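Subject: Structure handover

Hello,

Here is the structure I promised to pass on. Please open it and keep it beside you while you read the notes below.

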Amino acid sequence: MSEELKNTAIEELKTITSLPELAQLKARYLGKKGLITLQVKSLGTLSAEDRPPAGKRINELKDAIEAACSAREDELTRKDLAKRLASESIDITLPGRTAGIGREHPINTVLSEIIDIFVRMGFSVEEGPEVELDRYNFEALNIPKDHPARDMQDTFYVSDDVVLRTHTSPVQVRVMEQKKPPLRFIAPGKVYRCDADVSHTPMFHQVEGLMVDEGITFSNLKGVLETFVHQMFGPQVPVRFRPSFFPFTEPSAEVDIGCILCGGAGCRVCKGSGFLEVLGAGMVNPKVLGFCGIDTERYTGFAFGMGVERITMLKYRVDDIRLFFENDLRFLRQF
Ligand code: DAH
């Protein structure tokens, strides 16, 4: 009977597949009301003589079942662990998920290119404030009070005499007040105008240039700007100076380059002219030099100003300036 009980228990153990099932089986044999426990209790009914051998046998039986149970428990625990390890394992040969890497904005790329070209020609780089005094943004640049550029329509006024600079030209004045000729610098930065359409955004970038020394002539201006255009757009691109007007230069010119879309043949972008305007320039008006305390008998200078977005649009054939500031990654990833 006891031997049989042990064999049944061992057979049953083999069919068990989980630890909870094992616990149930243990309870059934070895628990308070378990089959073995009942046999121990029944020892009381035996004679004093029969009791010790019967007790010994039951104990052996109990030990055997307990040993079999813990062996099975070890086995099931190991299987469970192996299963968990397999399901939670990480394939370390898979490529990792890296953080998205950003890239330079096309405007900054072109801005750096512009700066590099002028630095190679011996220009240093200066900066000025974006919130500017009316005095520097207009007055010192010979832009009179009634000039249309001062209109509330175009200028963001912070107060009566403080504006968001509408161009980088005030940096000319700030530097000339501080440093004396010879001067040769560019001033890149953000400028602001109350304007928005396919070719205007309320904020955009300009690069100002100024060179002041004894004997500076329009030829120097032409040489510097032609060199710039040829380095920026290629040596085959023609450069044209067209008479124009700016209050802070005299004479003034607008600089055109051969249309890089049609090669000068005439197209929709250059409106059939074969040329595209890229910057404004001129000989610094003596009034501006005088305002900064520079001897206009001794010194002359040239200045120029260009829009970075305009250059970038031409270089990369982008036809809507707003694309630069919408931050659509599908656009920005193309550069
Ligand atoms: N400040 C002018 C503008 O924003 C651009 C410009 C034209 C700058 C001629 C100059 C210059 O220095 O000489 O439209």
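Start with Q206. Beyond its neighbours within four places in sequence, Q206 is in contact with H167, T168, A187, P188, G189, V191, R193, M306, G307 and V308. Bear in mind that this is a predicted model. Q206 lies in strand β6. Is Q206 buried or exposed? Its relative accessible area is 10%. The cut-off for buried is under 20%, so Q206 is buried. Its side chain also reaches the backbone nitrogen of T168, at 2.9 Å.

The ligand

Which atoms sit close to the oxygen atoms of the ligand?

- E208: an N or O atom in its side chain is 2.6 Å from an oxygen atom of the ligand.
- Q172: a polar side-chain atom lies 3.1 Å from an oxygen atom of the ligand.
- F304: here a backbone N or O atom is involved, 3.3 Å from an oxygen atom of the ligand.

How much of the ligand does the protein bury? Taken alone, the ligand exposes 350 Å². The protein buries 89% of that.

S169 is in the loop between β4 (162-164) and α7 (170-178). Its relative accessibility is 4%. That is under the 20% cut-off, so S169 counts as buried. The side chain of S169 makes a polar contact with the side chain of E208, at 2.9 Å. Leaving out residues up to four places away in sequence, S169 touches L141, E208 and F248.

Next, the strands. In what order do the seven strands of the open sheet run? The order is β1-β5-β6-β10-β9-β8-β7, and the pairing is mixed. The edge strands are β1 (124-125) and β7 (239-246), and each pairs on one side only. As background, strands of a sheet pair through backbone hydrogen bonds, either parallel or antiparallel.

Find β10 in that order, between β6 and β9. β10 pairs with β6 in the antiparallel sense, over eight bridges. On that side, V212 stands opposite G301 of β10. β10 also runs antiparallel to β9, and five bridges join the two. On this side you can find G282 opposite A303 of β10. L279 has M306 of β10 as its bridge partner. M306 is also among the contacts of Q206. How many of the eight residues of β10 are buried? Six are, and β10 is mostly covered.

Backbone details

Some spots in the backbone deserve a look.

- P182 is in the loop between α7 and β5 (183-192).
- E250 to P251: this bond is cis too, with omega about -5°. P251 is found in strand β8 (residues 249-258).

Then there are residues other than glycine with a positive phi.

- N142: phi is near 65°. N142 sits in the loop between α6 (134-137) and β3 (157-159). It is partly exposed, with a relative accessible area of 24%.
- N327: phi is near 55°. N327 sits in the loop between α11 (323-326) and α12 (329-332). It counts as exposed, at 51% relative accessibility.

Last, go to helix α4 (residues 51-87), where E75 lies. E75 counts as partly exposed, at 34% relative accessibility. N59 is 16 residues away from E75 along the chain. Their C-alpha atoms are separated by 24 Å.

Over to you.

Best wishes

Note on methods: Residues numbered from 1 in each chain as written. Predicted model: local features only at pLDDT ≥ 70, side-chain atom pairs only at ≥ 80, totals over all residues. Heavy atoms only, no water. Polar contact = N/O pair within 3.5 Å; in protein donor to acceptor, adjacent residues only side chain to side chain. Areas by Shrake-Rupley, 256 points an atom, 1.4 Å probe, with all protein chains shown as cover. Buried < 20%, exposed > 50% of the residue type's maximum accessible area, 1.4 Å probe, protein only. Helix = DSSP H or I, 4+ residues; strand = E, 2+ residues; numbered from the N terminus. Pairing = 2+ DSSP bridges. Contact = heavy atoms within 4.5 Å.
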